[in-house]
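Subject: Structure handover

Hello,

Here is the structure for you to take over. Please open it first, then read the notes below.

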Amino acid sequence: SGLWLDTEIDGKGNGTISIDLDLRNPDGVRNADVTFALTSPSGRKVVSGSRSAVALDGPLSLGTFTVKSPELWDVGSPALYRCEVSLTAGGQTSVAESYAGFRSFRFEEKGPFYLNGRRLLLRGTHRHEDHAGYGAAVPDSIVRREMKMMKNMGVNFIRLGHYQQSDIVLNLCDSLGILVWEE
């Protein structure tokens, strides 16, 4: 199953977050209890709830919720909200977690880039999913080291190669404060 978070900021500085699951149920279990909680970067629980689910195969929306004056994700302070979802069915519990940030962005036509209403000069590089001696099977430890080196050299933007890269790349970009252009 997958846990999907989608955030938006309105014109008044409040945020909304949609929490959705994509369930795969090869065993045909029909009923489940679902609980979820969204925690702010400072550790405050901002949204929580529970529900019963009958159809356990395919998309399941847990809802869209308002977060008043959310802490904003920025390249200098990558504030991430943590969402944890527990699904209990057939005597077994499965837990998924995901992270998301609230931010607004825009490109001025023939002009600069803005992040959270502030002009931001993009300093970036490009990344392919390969490494000497490993090819495309790059170990997570090398990916971590590579991404931290990029951040330390001043990168706040990265364009990924023409194919899907490991989830750890996007997760590190989120947690390090690097904007991503993904093909």
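The chain has two helices and 13 strands. Please keep in mind that this is a predicted model.

**Overall picture**

The C-alpha atoms fill a box of roughly 50 × 50 × 30 Å along the principal axes. The chain has 183 residues, and 36% of them count as buried. I also looked at contacts between residues at least 6 apart in sequence. Of these, 57% join residues at least 24 apart.

The accessible surface comes to about 10,800 Å². Carbon and sulfur atoms account for 48% of that surface. On charge, there are 20 positive and 22 negative side chains. The centres of the two sets lie 7 Å apart.

**The largest pocket**

The volume of the largest pocket is about 1,200 Å³. It is lined by 30 residues. Closest to the pocket centre are Tyr99, Arg103, Leu170, Asp174 and Glu182.

Which elements supply at least two residues each to the lining? They are β1 (2–9), β7 (92–100), β8 (105–107), β9 (113–115), α2 (167–176) and β13 (179–181). β1 gives the most, with six residues.

**Around β7**

Two residues are worth a look here. Ser98 sits in strand β7. Its relative accessibility is 19%, so Ser98 counts as buried, the cut-off being under 20%. Beyond its neighbours within four places in sequence, Ser98 contacts Leu3, Leu5, Tyr81, Arg82 and Cys83.

Is Gly101 buried or exposed? Gly101 is buried, because its relative accessible area is 12%. Leaving out neighbours within four places in sequence, Gly101 is in contact with Thr7, Trp73, Ala79 and Leu80. Ser175 is 74 residues away from Gly101 along the chain, yet their C-alpha atoms are separated by 9.5 Å.

As background, most residues other than glycine have a negative phi. Lys110 has phi near 55°. Lys110 is in the loop between β8 and β9. With 85% relative accessibility, Lys110 counts as exposed.

Asn116 is the other case, also with phi near 55°. Asn116 is in the loop between β9 and β10 (118–120). Please check the backbone at Lys110 and at Asn116 when you go through the model.

Arg119 is in strand β10. Arg119 has 59% relative accessibility, so it counts as exposed, the cut-off being over 50%. Which residues does Arg119 touch, not counting those up to four places away in sequence? Pro112, Phe113 and Tyr114. Glu108 is eleven residues from Arg119 in sequence, and the two lie 9.9 Å apart, C-alpha to C-alpha.

**Gly63 in β5**

Gly63 lies in strand β5 (residues 58–67). The relative accessible area of Gly63 is 19%, so this residue is buried. Gly63 touches Ile17, Ser18 and Ile19, with residues up to four places away in sequence not counted. Gly63 and Glu109 are 46 residues apart in sequence, and their C-alpha atoms are 34 Å apart in space.

Tyr163 is in the loop between β12 (157–160) and α2. Its relative accessible area is 31%, so Tyr163 is partly exposed. Apart from neighbours within four places in sequence, Tyr163 is in contact with His128 and Glu129. His128 is 35 residues from Tyr163 in sequence, and their C-alpha atoms are 8.7 Å apart.

**Where to start**

I would begin with the largest pocket and the residues closest to its centre, including Tyr99 and Arg103. Then turn to β1, which gives the most to the lining. After that, go on to Gly101 and its contacts, among them Thr7 and Trp73.

Best wishes

Definitions and conventions: Residues are numbered from 1 along each chain as its sequence is written. This is a predicted model: local features need pLDDT of at least 70, side-chain atom pairs count only at pLDDT 80 or more; totals for chains, interfaces and linings use all residues. Side-chain values use heavy atoms; hydrogens and water are left out. Helices (H or I, at least four residues) and strands (E, at least two) are DSSP runs, numbered from the N terminus. Buried means under 20% relative accessible area, exposed over 50%, partly exposed in between (1.4 Å probe, protein chains only). Contact means heavy atoms within 4.5 Å. Accessible areas come from the Shrake-Rupley method with a 1.4 Å probe; for residues, only the protein chains shown count as cover. Lys and Arg count as positive and Asp and Glu as negative; His and the chain ends are not counted. The place of a charge is taken as NZ of Lys, CZ of Arg, CG of Asp or CD of Glu. On a 1 Å grid over the protein atoms alone, a cavity is a set of points where a 1.4 Å probe fits but cannot get out, and a pocket is an open set with protein on both sides within 12 Å along at least five of seven lines; lining residues have an atom within 4 Å of a point. Grid points are joined across faces, edges and corners, and a volume is the space filled by probe spheres set on the points.
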